[in-house]
Amino acid sequence: MTELTQGHPIASLVEENGEELSFRVHRSAYRSPEVFQAETSRIWGHTWLYLGHETEIPKPGDFRTRTLGGRPLIFCRDSSGEIQVFLNACTHRGTVLCRFSEGNTKFFQCFYHAWAFSNSGDLAALPGDDAYADVDGFRERMRLRSVPRIASHEGFVFIAFDPGVPDLLTHLGKAAHYMSLTARIGPAGMETVPGVQLYSVKGNWKLAVENAMDGYHFAPTHNTFVGYLRETGFAVTDDDQYAYDLGGGHGLLILTGHNGRIGMVWEPRFGETERERTVAKREEMVDRLGSELAAEIADASRILFVFPNLLLFDLEALTIRQLEPVAPDRTDVRAWQFVEADEPAEVRALRIKTMVSFVGPGGLATPDDIEAYEAVQRGIEATADSADPRFDWSDMSRGMANEREGNQGRSIDEGAMRSFWRHWASVAGRD
């Protein structure tokens, strides 16, 4: 008998009591195969998913392959320059069509029977086509299968496997504004740096969301990094840092005292040359965008979560992170560096160096974070099938009293996690 059939349907895995100011999540939400299957169907199968950025495929013929919701995909720009997203499966017998992670091509050819398809999806070569009576009609029916919905906002490309989802901007809601802020940093636009960081985590995908929306862990978990910053002369503080519920499961942390930002907020480790450039960069932004918008973009770091699989870390450097759940206890993470187009080579080098020092997979933060949520995944097994069922819950009530008083939630509280879990329960728990 599984956990859910023992009296814990998905909708009841999140419990909130406003009078007692309590909020808790049943730990089977992180480990149950039934919950994972429901998420794959009800969330990944019926909402917009972040696929990639347009600048990953800048030239006609460029392609990338990746998996979303367990489905292999081809993300490409066809020969006419249009973005296409196909299921990575030959329409003949279902063989994975493209077996390269990236490249540039006019045609995708199946190794099994040598069927070939153009990068716009047409069946271009059909060996032994005389065996098909209606060859032209057959070719049309056997085009590559496009995903039902493709849309982009500020170059961020999303797809949906459900043709009936609302339009993308409706899904993004208030999160769209913060994506637009990110896209307007550079006068010549923004672009991804070639290459992707790909790593697997032995933990549930929702723990990655919690970790990103949890300012409470910053000082104790990343004490090595905090100590390093203080030694370099940067004053680290949790004051005046807040969390926002953007609706639809999206969340935002605004952080003003955790770190500097290349070109925005100077700190001593960036060096004197970058200090001068930061002043000039602010002047350029004010001239281009006006003082109010320039200040909104530049004065604070942000961590933005777009439900269910996109994280934007606008910290020392800017990182796009994509979550791909593989199993209840495993998540694949892809990360790209997002930079100003046409910035000087020395600034790009500083940006990359700074990124890898903290949010890179070998930096001072990400290994800490991975160990933290892998440790949670290991720990929740300890209370499974507990003799006392009260032990098998995780508490997320920090800051509820402050919220009830009408105050803005702090980044060191757990309000952003609560907003995520409320939306998760409404979507994953629906019939």
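In the protein chain, residues 24 or more positions apart account for 62% of the contacts with a separation of 6 or more. The structure is a predicted model, and its protein chain comprises 14 helices and 21 strands. Of the 431 residues, 55% count as buried. The radius of gyration is 23 Å, which agrees with the value near 22 Å that a compact globule of 431 residues would have. Along the principal axes, the C-alpha atoms fill a box of roughly 75 × 60 × 35 Å. The accessible surface of the chain amounts to about 18600 Å², and carbon and sulfur atoms contribute 51% of this area.

Helix α2 spans residues 33-44, and its buried residues are Val35, Phe36, Ala38, Glu39, Ile43 and Trp44. These residues lie on the same side of α2, because the arc that they cover around the axis is only 165°. The face of α2 turned away from this buried side carries the exposed residues Pro33 and Gln37. The packing partners of the buried residues of α2 are helices α1, α6 and α14 (415-428), together with strands β3 (49-53), β4 (62-68) and β19.

Helix α12 (residues 366-379) contains 14 residues. The distance from its first C-alpha to its last is 20 Å, close to the 20 Å expected at 1.5 Å a residue. Within α12, the buried positions are Thr366, Asp369, Ile370, Tyr373, Glu374 and Gln377. They are placed on the same side of α12, since they cover an arc of only 125° around the axis. The buried residues of α12 pack against helices α1 (28-31), α6 (205-212) and α11 (345-358), and also against strands β14 (197-201), β19 (318-327) and β20 (330-340).

Aromatic contacts were then considered. A search of the whole structure finds 17 aromatic pairs. In one of them, the ring centres of phenylalanine 305 and phenylalanine 307 are 6.4 Å apart and the ring planes stand at 75°, so the pair is edge-to-face. Phenylalanine 305 counts as buried because its relative accessibility is 1%, and phenylalanine 307 is likewise buried, with a relative accessible area of 2%. Both residues belong to a cluster linked by ring pairs, in which Tyr30, Trp44, Trp205, Phe305, Phe307, Phe420, Trp421 and Trp424 take part. Trp44, a member of this cluster, is also one of the buried residues of α2.

Proline 308 is located in the loop that joins β17 (301-306) and β18 (310-314).

Leucine 21 has phi near 55° and is situated in the loop between β1 (14-17) and β2 (22-26). With a relative accessible area of 21%, leucine 21 is partly exposed. For alanine 114, phi is about 70°, and the residue lies in the loop between β8 (107-109) and β9 (116-118). Alanine 114 is partly exposed as well, at a relative accessible area of 29%.

The loop between α3 and β11 contains leucine 144 and proline 148. Leucine 144 is buried, its relative accessible area being 4%. Apart from residues up to four places away in sequence, leucine 144 touches Phe86, Ala89, Thr91, Leu97, Phe117, Ser118 and Gly121. Its C-alpha atom is separated by 41 Å from that of proline 344, which is 200 residues away along the chain. Proline 148, by contrast, is partly exposed, with a relative accessible area of 40%. The contacts of proline 148, again without residues up to four places away in sequence, are with Ala160, Phe161, Asp162 and Pro163. Between the C-alpha atoms of proline 148 and leucine 123, which are 25 residues apart along the chain, the separation is 19 Å.

Notes
Residues are numbered from 1 along each chain as its sequence is written. This is a predicted model: local features need pLDDT of at least 70, side-chain atom pairs count only at pLDDT 80 or more; totals for chains, interfaces and linings use all residues. Side-chain values use heavy atoms; hydrogens and water are left out. Helices (H or I, at least four residues) and strands (E, at least two) are DSSP runs, numbered from the N terminus. The expected span of a helix is 1.5 Å times one less than its number of residues. Buried means under 20% relative accessible area, exposed over 50%, partly exposed in between (1.4 Å probe, protein chains only). The arc is that of the directions from the helix axis to the C-beta atoms. Contact means heavy atoms within 4.5 Å. The radius of gyration is taken over C-alpha atoms; the globule rule is 2.2 Å times the number of residues to the power 0.38. Accessible areas come from the Shrake-Rupley method with a 1.4 Å probe; for residues, only the protein chains shown count as cover. Rings of Phe, Tyr and Trp (its six-membered ring) pair if their centres lie within 6.5 Å; planes under 30 degrees apart count as stacked, over 60 as edge-to-face and the rest as tilted.
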